[in-house]
Amino acid sequence: SSTLTIKGSDTMVILAQNWAQAFMEANPGKVIQVSGGGSGTGMAALINGTADLANASRPIKDKERKQLAKRRDAEAHEFRVALDALAVYVPASNKIESLTIPQLKSIFRGKATNWKDVGGEDKPIVLYSRENSSGTYAYFKEHVLEDEDFAATAQTLPGTAAVIHAVSKDAGGIGYGGIAYAEGVRTVKVAPAGGEPVVPTMENATSGKYPLSRFLNIYSAGKAVGIAKEYLDFVLSDDGQNIVEGVGYYPLPKEATTAAE
């Protein structure tokens, strides 16, 4: 086939669209269709066969591997394609410079409800989150909330761009998302429990020093062949990795494993 269908992570949509455009320009007659909906949506599409590749900002779940094996008699193949620092956003007017992981947990669990509780101004905290099909939501829930639930007051929004927009307009707002979207808001330094605050930069994400850094992944059902393999080869090439940096994420560290079977 000369057409490739890719679904999944909203965090990766703009990046994937840029990859697709560059690939199609270099390969006339080949068509790549990219859509979002969340990492979970992409994995579901891969499992039921309505997508050739799934973009995911989180690792595949064991149950998804089993479903893929059962439905399509195929093993999931993982390709690490970029590095992201998951940033914490506040409006530009907020003077908070840094927050610790325990403070973030307290905020998003609904225990700290005023900015003065974490060293800020006397102002109610307004929480903005992602929907539960999002890999970004899953990552934040696991690594910040330690798999506990978000506060019931958290407003869920469909995509990081929507979170950014809401936070930028709300003096009490706080949200989270991929670093590439940080426009019109300010990112705060994040400190691991008992550690020093770290800025979400490429160097800190690549070294693992920034506590909320993660790989962005593409999954195939079975070994990637044909146009899927050509596309993945392009994504992992120097040209493909230059696009990663152009969009605002971080190219893979040279030592990163690009494929995990």
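A nonpolar core is a set of buried Ala, Val, Leu, Ile, Met, Phe, Trp, Tyr and Cys residues joined through side-chain atoms within 4.5 Å. Buried means under 20% relative accessible area, exposed over 50%, and partly exposed in between, with a 1.4 Å probe and protein chains only.

The model is predicted: local features need pLDDT of at least 70, side-chain atom pairs count only at pLDDT 80 or more, and totals for chains, interfaces and linings use all residues. Residues are numbered from 1 along each chain as its sequence is written, and side-chain values use heavy atoms, without hydrogens and water.

**Exercise 1.** Identify the residues of the largest nonpolar core that touch the most other members.

Solution. The core has 71 residues; Trp19, Phe108, Ile174 and Tyr231 touch the most other members. Strand β4 (residues 76–90) gives the most to this core, namely ten residues. Another core lies apart from it and has nine residues, including Met43, Leu46, Ile60 and Tyr219. Helices (H or I, at least four residues) and strands (E, at least two) are DSSP runs, numbered from the N terminus.

**Exercise 2.** Determine how the buried residues of helix α8 are placed around its axis.

Solution. Helix α8 spans residues 226–235, and its buried residues include Ile227, Ala228, Tyr231, Leu232, Phe234 and Val235. These cover an arc of only 160° around the axis, so they are on the same side of α8; the arc is that of the directions from the helix axis to the C-beta atoms. Asp233 also lies in α8, but Asp233 is partly exposed, with a relative accessible area of 42%.

**Exercise 3.** Describe the faces and the neighbours of strand β3.

Solution. In a regular strand, side chains alternate between the two faces of the sheet. In β3 (residues 53–56), Leu53 and Asn55 are buried on one side, and Ala54 and Ala56 are buried on the other. Two strands pair if DSSP finds at least two bridges between them. Strand β1 (residues 3–8) runs parallel to β3, with three bridges; Ile6 has Leu53 as its bridge partner. Strand β11 (residues 213–221) runs antiparallel to β3, with four bridges, and Ala56 has Asn217 as its bridge partner.

**Exercise 4.** Classify the packing of helices α2 and α3.

Solution. The axes of α2 (residues 39–48) and α3 (residues 62–72) come within 8 Å and cross at roughly 25°. Axes are lines fitted to C-alpha atoms, for helices over the stretch in contact, with angles from 0 to 180 degrees between N-to-C directions. Angles under 35 degrees count as roughly parallel, over 145 as roughly antiparallel, 65 to 115 as roughly perpendicular and the rest as oblique. The two helices, α2 and α3, are therefore roughly parallel to each other.
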